[in-house]
Amino acid sequence: MAPGGRRSNGETPTGQQQQQQQADGRRGCACGGFPVCACAGAAAVASAASSADMDRVAVAATEGQIGAVNDESWVAVDLSDDGLSSAADPGAVALEERPVFRTEKIKGVLLHPYRVLIFVRLIAFTLFVIWRISHRNPDALWLWVTSIAGEFWFGFSWLLDQLPKLNPINRVPDLGALRQRFDRADGTSRLPGLDIFVTTADPFKEPILSTANSILSILAADYPVERNTCYLSDDSGMLLTYEAMAEAAKFATVWVPFCRKHGIEPRGPESYFELKSHPYMGRSQEDFVNDRRRVRRDYDEFKARINGLENDIRQRSDAYNAARGLKDGEPRATWMADGTQWEGTWVEPSENHRKGDHAGIVLVLLNHPSHSRQLGPPASADNPLDLSMVDVRLPMLVYVSREKRPGHNHQKKAGAMNALTRCSAVLSNSPFILNLDCDHYINNSQALRAGICFMLGRDSDTVAFVQFPQRFEGVDPTDLYANHNRIFFDGTLRALDGMQGPIYVGTGCLFRRITLYGFDPPRINVGGPCFPSLGGMFAKTKYEKPGLELTTKAAVAKGKHGFLPMPKKSYGKSDAFADTIPMASHPSPFAAAAAVVAEEATIAEAVAVCAAAYEKKTGWGSDIGCSAGPRAPWRSSSPGTTRCSGARSCTRCSAWRTSTSPRTRSRRSSSSSTPRCRRCRS
């Protein structure tokens, strides 16, 4: 079944039928406190994609539902007419009145035995400590004291580890309610913009084909095309990475429409073509088989071109250098396909063109698409795929290689994230940011929508970020060696979500952009869900402050820079970047920026904010953005990666909140990982 369609007797409804269903589903505005009224959306919901380990998709036999082959991996979404179901059941909540996500308690039959076991262990440990204290050894008193101190420390650390696990929760996004509120009948959407960051450092250590698959899965995700922008950060600055992404952009013109036409899952081509079975979700079995055969052939040719890029670049550069008649000892440049010298790292390194010493580069591979749908051509001799009913637009794709110079601390991945934050602010300035590693791929086309649900709820303006889980595949299909990290992602993070909020694990995280700029939340919940009474005790003293005032008239009166939480110089010397900060919130009181246009002046400004010396004497890496240092309010679970230092409220008053998403996530190919959802919670 194609995204956005609706199944009825095995047929896809026509556009007029969809509009009629959407009109019947709307019964006036019922947002009730929702910050943005968008009730004029489509009631039809496509794939129910909330998956931990999605291997294949199937259409359930039940009328009006899309189910799953593996119930553990999928959450079924009811696609029946909400008006009819509400009429039959007076207690049912109408679709437009439902929140975009709900919080569920873990079943007592699973939780109570664990609590009893913890209580028994606590009693046993207490009795053991009492026995040890009462039986002192006078012959080795120092050893006895050391053992007592060690046992107390062990018991204390064990207790700290167990207390958060006593009240785990599960958060479930409601994709139907999200579509009803934000998707319009004409195919457009009111969903906020989303900038997706993919970071890579070496095309040889991190296979370039995995990076290409990550980009293709992002471009094919089910999110409004004009509101989705993908940025690739290449810290190596090598032409190999850029040309591989250019090839991926060409293949995306075939792969993305194919995924939309037939509802392909997963949308990473390498993972999809490795599936043993390929269930059909489109209109015609013969049409699907022919399209798949053609796309598979194109993908094999794409991989062959990727594997041959290194040799092609070297041969091309040798030919250009030979034509210039270079003498021995002269620098031998690396040349692009259009005959211009590459400004980054050369194949034969030289001064100003080696790793750690090269200019900044910002190149737009796919420009910003139009806001109206663009249907593809019908089948022909040159194009055997019939795309006459498919939107063929592609999200914006930008290649970024920040400037690197000797003597500067580039902060590794954290520095790359900060450079992408500034560069994306100049180009697209979406209010939300998702960061992925280059070996991730989105294993569920609905993952972006599911993550954004936690940012758009009625009480979500204090949500700092949403953390997705990581799943490693390609090692053992039975997960014998715990490559899915279920104890940490399915146990610990859910438990922390029920207490104070899970931690940032360094990747697969959906950020609210203004938190990276050091803003306070609009309000502060002192006690949190565990100690709500504390809110009344401190409400009139320390914690009663205006916080973020981006949506008030006073903020507009202060001007674009009047409400910044830190001096303007803390954000750097770029006025163009500082001007984007007031429009980075959702919703923003200032006029929205015009459609992104890759003009030379804009690209030049994007290169300037990626300069090696830009962060010198600023707040970047300490109070703003990400940092790789040891004093991190939120740290990665992997050593050597990033921390979030921009949400300074988490260090000072724990005001921003976090949360975990139950099932929808991304994952990695080959050594693959999966994001999971998290909200910053006090």
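## Close-up views of a predicted model

**View 1. The annotated binding-site pair, Lys413 and Asp437.** In the unreviewed UniProt entry, the annotation "binding site" covers Lys413 and Asp437. These residues are spread over 25 residues of sequence, yet they cluster in space, with a largest C-alpha distance of 9.9 Å. Please keep in mind that the model shown here is predicted.

**View 2. Lys413 in its helix.** Here we look at Lys413, which belongs to helix H11, a run covering residues 412–427. Is Lys413 buried or exposed? Lys413 counts as buried because its relative accessibility is 17%, and the cut-off for buried is under 20%.

**View 3. Asp437 in its strand.** The other annotated residue, Asp437, sits in strand E11, which spans residues 432–437. With a relative accessibility of 13%, Asp437 counts as buried.

**View 4. Side chains of Asp437 and Lys413 in contact.** Which side chain does the side chain of Asp437 meet in a polar contact of 2.8 Å? The partner is the side chain of Lys413.

**View 5. Ser271 and its partner Tyr441.** Our last stop is Ser271, found in helix H8, which runs over residues 269–273. Ser271 has a relative accessibility of 8%, so this serine counts as buried. Its side chain makes a polar contact of 3.3 Å with the side chain of Tyr441.

Note on methods: Residues are numbered from 1 along each chain as its sequence is written. This is a predicted model: local features need pLDDT of at least 70, side-chain atom pairs count only at pLDDT 80 or more; totals for chains, interfaces and linings use all residues. Side-chain values use heavy atoms; hydrogens and water are left out. UniProt positions are given in the numbering used here, feature names are shortened, and annotations may be inferred rather than shown by experiment. Helices (H or I, at least four residues) and strands (E, at least two) are DSSP runs, numbered from the N terminus. Buried means under 20% relative accessible area, exposed over 50%, partly exposed in between (1.4 Å probe, protein chains only). A polar contact is a pair of N or O atoms within 3.5 Å; within protein, one must be able to donate a hydrogen and the other to accept it, and residues adjacent in sequence count only if both atoms are side-chain atoms.
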